[in-house]
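Reader: I have a new model on the screen and would like to go through it with you. Please keep it plain.

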Amino acid sequence: MYTQAIDIPQGKDEPKRGPRSLTEVEYEAEFDAKVARGDFIEPKDWMPDAYRKTLVRQISQHAHSEIVGMLPEGNWITRAPTLKRKSILLAKVQDEGGHGLYLYAAAETLGASRDDLVEALHSGKAKYSSIFNYPTLTWADIGVIGWLVDGAAIMNQIPLTRCSYGPYARAMIRICKEESFHQRQGFDLLLTMMQGSAEQRAMVQDATNRWWWPSLMMFGPHDKDSPHSGDSMKWGIKRISNDDLRQKFVDATVPQARVLGVTLPDPLLKFNEATGHWDFGPIDWSEFWNVVNGHGPCAKDRLAARVKAWEDGAWVREAAVAYAEKQARRERRAA
Ligand SMILES: [Fe+2]
Ligand SMILES: [Fe+2]
């Protein structure tokens with residue numbers, strides 16, 4: 001049961017939406033019917049307050065993850081082994097910055113302020129994907145991040161192209177196309193290293209050992225322990241459960257590991273003839289919660305790097321505002 005008024009905030013200058021004669025219950029019934037039909041909910045449509053809040057939380061966490069995700073890899077741009085790998089990595093890291101921007105813009109369509117969102121990230125109040133709190137120790141980590149981390153991200157994000165909120169769904173279409181390039185470049189990098197020296201192969205195996213379990217954790221807790229899953233499913237934000245996505249990821253990744261010639265660090269990984277899926281061992285959820293709660297190996301560094309980048313970029317934002325004001329003045333004069 002929602003207790004909010006019908007005239008929910010829709011931006012200062014916008015007229016209130018919808019036929020006045022409808023009661024809130026009717027608005028909600030209309031919203032539910034739209035979701036059930038598979039229609040998109042658009043920014044100016046009426047929506048339950050809890051739906052809006054859930055989306056702002058999810059989209060902003062997603063945006064934060066994209067821009068924090070630039071850090072572990074950005075770290076390796078200067079050390080890329082060839083010009084080709086350097087340009088690929090540069091393009092990938094820039095893509096992630098772009099993903100963050102689309103997503104902040106999508107959150108803004110729900111009435112969130114970007115300054116507030118950024119402030120929540122910088123103060124440590126907002127969460128981002130825990131995977132980025134692990135260190136990137138060798139060049140092989142860059143390949144494994146593309147292969148496993150971007151691979152898991154695609155699994156998570158493809159269903160979001162059909163989520164009920166229009167701006168989020170549309171942003172995800174382009175993001176998923178770029179994520180698929182990220183996954184392929186990671187796999188290609190690893191394939192090259194696996195054809196190299198014994199040391200290079202060992203480096204790939206070591207990176208796989210370190211990233212495999214955190215990648216499985218990217219799908220979030222088991223469905224029964226996932227606090228927001230029920231509502232998200234009901235509202236058409238989430239289409240496939242955490243456990244089902246994780247299983248899809250394992251099923252897709254095991255054959256890829258064989259092609260690469262690496263071993264996935266799970267002695268219980270075994271094909272189950274009866275289910276047609278790969279069974280895998282238990283996930284260490286104490287590690288997951290520890291990292292989610294801010295105790296990941298690089299949590300402090302990541303946040304400090306983010307805040308520094310924001311402060312160092314202040315002059316760019318000021319210059320952009322000054323330029324926009326100058327343009328507006330010119331336009332007014334011309335008019
Ligand atoms: Fe991304
Ligand atoms: Fe990516």
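**Iron sites and surroundings**

Reader: What spacing along the chain do the donors of the iron ion (ligand 2) follow?

Author: Along the chain, the donors of the iron ion (ligand 2) follow the pattern E-x53-D-x28-E-x2-H. Donors here are N, O and S atoms within 2.8 Å of the metal (3.2 Å for Na, K and Ca), and water is not among the atoms, so sites may look incomplete.

Reader: Before we go on, some housekeeping, please.

Author: Residues are numbered from 1 along each chain as its sequence is written, while chains are lettered from A and ligands numbered from 1 in the order in which they are written. This is a predicted model, where local features need pLDDT of at least 70, side-chain atom pairs count only at pLDDT 80 or more, and totals for chains, interfaces and linings use all residues; side-chain values use heavy atoms, with hydrogens and water left out.

Reader: OK. Which residues coordinate the iron ion (ligand 2)?

Author: E96 (OE), D150 (OD), E179 (OE) and H182 (ND1) coordinate the iron ion (ligand 2), at 2.0 to 2.2 Å.

Reader: And why is the arrangement around the iron ion (ligand 2) irregular?

Author: The 4 donor atoms subtend angles of 88 to 159° around the iron ion (ligand 2), which makes the arrangement irregular. For reference, four donors count as tetrahedral if all angles lie between 85 and 135 degrees; four count as square planar and six as octahedral if opposite donors are over 155 degrees apart and all others between 65 and 115; anything else is irregular. Helices (H or I, at least four residues) and strands (E, at least two) are DSSP runs, numbered from the N terminus.

Reader: D150 and H182, buried or exposed?

Author: D150 and H182 are both buried. Buried is under 20% relative accessible area, exposed is over 50%, and partly exposed is in between (1.4 Å probe, protein chains only).

Reader: What are the protein donors of the iron ion (ligand 1)?

Author: They are E66 (OE), E96 (OE), H99 (ND1) and E179 (OE), lying 2.0 to 2.2 Å from the iron ion (ligand 1). Their spacing in sequence is E-x29-E-x2-H-x79-E. The 4 donor atoms subtend angles of 86 to 145° around the iron ion (ligand 1), so this arrangement is irregular.

Reader: How far apart are the iron ion (ligand 1) and the iron ion (ligand 2)?

Author: The two iron ions lie 3.4 Å apart, with E96 as a bridge. E96 in helix α4 (residues 83-108) and E179 in helix α7 also link distant parts of the chain, 83 residues apart. E96 and E179 are buried.

Reader: Next, what does the side chain of E178 make a polar contact with?

Author: With the side chain of H99, at 2.7 Å. A polar contact is a pair of N or O atoms within 3.5 Å; within protein, one must be able to donate a hydrogen and the other to accept it, and residues adjacent in sequence count only if both atoms are side-chain atoms. E178 belongs to helix α7 and is buried, with a relative accessible area of 15%. Apart from neighbours within four places in sequence, E178 is in contact (heavy atoms within 4.5 Å) with D95, H99 and Y102.

Reader: Switching topic: how many disulfides are there?

Author: The count is 0 disulfides, a disulfide being a pair of cysteine sulfur atoms within 2.5 Å. C163 is in none, and the nearest cysteine sulfur, that of C176, is 11 Å away. C163 has 0% relative accessibility and so counts as buried.

Reader: Where does S164 lie?

Author: S164 is in the loop between α6 and α7. At 2% relative accessibility, S164 counts as buried. Leaving out residues up to four places away in sequence, S164 touches several residues, including V35, Y51, W235 and R239.

Reader: What about V307, where is its place?

Author: V307 is in helix α12, and is partly exposed, with a relative accessible area of 23%. The C-alpha atoms of V307 and H122 are separated by 6.0 Å, although the two residues are 185 residues apart along the chain.

Reader: Last one: what pLDDT does the protein average?

Author: The average is 90, and 93% of the residues score at least 70; pLDDT is the predictor's confidence in each residue, from 0 to 100. Over residues 1-16 pLDDT stays under 50. Where pLDDT is low, the predicted coordinates should not be read in detail.
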